[in-house]
Amino acid sequence: MAEPLGDLTRTHTCGALRADDVGADVTLLGWVHRVRDLGGVTFVDIRDRAGISQVVVRDDDALMTAVKRLRSEYVIGVRGVVQRRSDDTVNAKIVTGEVEVLAREIRVLNEAKTPPFQIAEDSPVSEEVRLRYRYLDLRRPRLQQNIGLRHRVTMATRKYFDANGFWEIETPILAKSTPEGARDFLVPSRLHPGEFYALPQSPQIFKQILMVAGMDRYFQIVRCFRDEDQRADRQLEFTQIDVEMSFARPETVYGVIEPLMQAIFQEIGRDVTLPMRRMPYAEAIAKYGSDKPDLRCGLEIHELSDVFRDSEFRVFKQIVADGGTVRGFAVPGGNRYSRSQLDVLVEQAKQMGFTGLIWVRPGEPPLSSVKALGEPTLRPALDRVKAAKDDLLLMAAGPGDTTSKLLGQLRLAIAKKDNLLNPEAFEFLWVTEFPLLEYHDEDGRWYSMHHPFTSPVDEDVDKLESDPGAVRAKAYDLVLNGSEIGGGSVRIHDAGLQSRIFTRLGISDEEAKLRFGFFLEALTYGTPPHGGIALGVDRIVALLSGESSIREVIAFPKTANALDLMAGAPSPVDAKQLRELHLKPQK
């Protein structure tokens, strides 16, 4: 039976007691973590989000009777005096391990059913069970540490932006649907039958309008929504640090965000070296096969076409003659691979989409999987990739970007297999100058690679009509360890240029006015040049905490099937609600 809280007032959290507190009368409030009955003495570990303290009960019949009631996850209050543990019982694994509390009173504030999984131990539990009982899962120390880190990251962010002249301004959650990219979540209007709001995929238009309004420097830690498939780094609803500033060039944004990253990483005691490396999109694709390359493992892809242009290997020679490319990279220590391991690697490459993969062992002479390749050709290729005698050269040929992207997949697979990705390293990279547009063969039209408000590079504007695929954008992504943690651009601030972009995207004047009319009109009232970025809070905190899934740093995430197992969402709604919204379900 639960006892009242009464006059119990917490004096310390369960993680606060230290040797300096010996002799102090204290009151602790929390959950029973463990109970260890040693006969004449019983130890109770009491836990709250700050940590664990050991409580000792001895030589008191009333207390011994009370402690026998205790079970895991009971909520209790403890009054007692702090005493030093003996040298042989000090627990160096916890910060309170030098002391314990000799109990004078134990009050059971609430009982608990036996949990469906261990709270005290981080033992494996199916994700379905964890999410169904998320309120219990969140009691586990690892999850509490993650949520605490998330809080510190957002607080550091707010302090940083406030100190640098930014205002936090809230933008609407019920907004206008502007279908472009991911699907919107739609909200039917009761007051306007047949019309809908949309939950924002980002505050993009509103933050640009804030620049039109002269707000100068804006930020917001904001919830966003995208109706898209789930994965380890994606949820239907997510949180981003949204930033916009007037009179900004890309370098202006870099200069604001890089010190922010320093402030955030100080929360885990890590230094961030500035300036961060920058790399154009075309170079990232060519050298790493990805627009979000993981730089921790090296394995840089090298251009080898000139080596094979006049070689005796007719396959590569013909590919180069037809405008294709030969590219490759060196695998550190790869010369130790056995022939069977190489065969597995070649088969893995074929499953990725390679038409063929050639390996070369350095030596005197070099040994290749293609007998037609001799030392006069192989030696320059080995030199180009800087392959040492213990390394292995891997090569493939075909269209340029396609070849690099396949090699990029392979380099990551090898890096993971050979443990080349140091979990303690953090490698930042700005990927810049993305293509403004990308062509989709399926419907024969151009699409924005980022969004239609991204400004083209000044010297490429004249190519919008004549060579749209060559137009670069003033766009940039911030990449960390192969994960895109932020993306942004300098925006279009000229109404005429914005209209040209819409035309290039196949958006008619009528459609543009319907979808973006208020924004286009705002551009005509003296809009300053402006730009910004959005940073993914979930991804940043997952990387900081060493988690492979953002679900581990979100308090109430959805499953891979977009379900909230704890609350039971989505769910049917009352027929009366549907009638009020003028909706009728389709069977």
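A: A cavity is a set of points, on a 1 Å grid over the protein atoms alone, where a 1.4 Å probe fits but cannot get out, and its lining residues have an atom within 4 Å of a point. Grid points are joined across faces, edges and corners, and a volume is the space filled by probe spheres set on the points. This is a predicted model, in which local features need pLDDT of at least 70 and side-chain atom pairs count only at pLDDT 80 or more, while totals for chains, interfaces and linings use all residues. Residues are numbered from 1 along each chain as its sequence is written, and side-chain values use heavy atoms, with hydrogens and water left out.

Q: How many cavities of 30 Å³ or more are there by this rule?

A: Rolling a probe the size of a water molecule over the atoms shows where empty space is left. Here the count is one cavity of 30 Å³ or more. The largest cavity holds about 50 Å³ of space.

Q: Which residues line the largest cavity?

A: Its lining consists of Leu-131, Arg-134, Phe-556, Pro-557, Asp-564, Leu-565 and Met-566. Five of the lining residues are nonpolar (Ala, Val, Leu, Ile, Met, Phe, Trp, Tyr, Cys or Pro), two are charged (Asp, Glu, Lys or Arg) and none is polar (the others, Gly among them).

Q: Is Asp-137 buried or exposed?

A: Buried means under 20% relative accessible area, exposed over 50%, and partly exposed in between, with a 1.4 Å probe and protein chains only. Asp-137 is buried because its relative accessibility is 0%. Its side chain makes a polar contact with the side chain of Arg-134 at 2.8 Å; such a contact is a pair of N or O atoms within 3.5 Å, where within protein one must be able to donate a hydrogen and the other to accept it, and residues adjacent in sequence count only if both atoms are side-chain atoms. Arg-134 also belongs to the lining of the largest cavity.

Q: Which residues of the largest nonpolar core touch the most other members?

A: In soluble globular proteins, nonpolar side chains tend to be buried together. A nonpolar core is a set of buried Ala, Val, Leu, Ile, Met, Phe, Trp, Tyr and Cys residues joined through side-chain atoms within 4.5 Å. The largest one has 38 residues, of which Phe-161, Ile-257, Met-261, Phe-428, Leu-478 and Leu-535 touch the most other members. H6 gives the most to this core, with eight residues; helices (H or I, at least four residues) and strands (E, at least two) are DSSP runs, numbered from the N terminus.

Methods. 1 Å grid on protein atoms, 1.4 Å probe; cavity = no way out; pocket = protein on both sides within 12 Å on 5 of 7 lines; lining within 4 Å.
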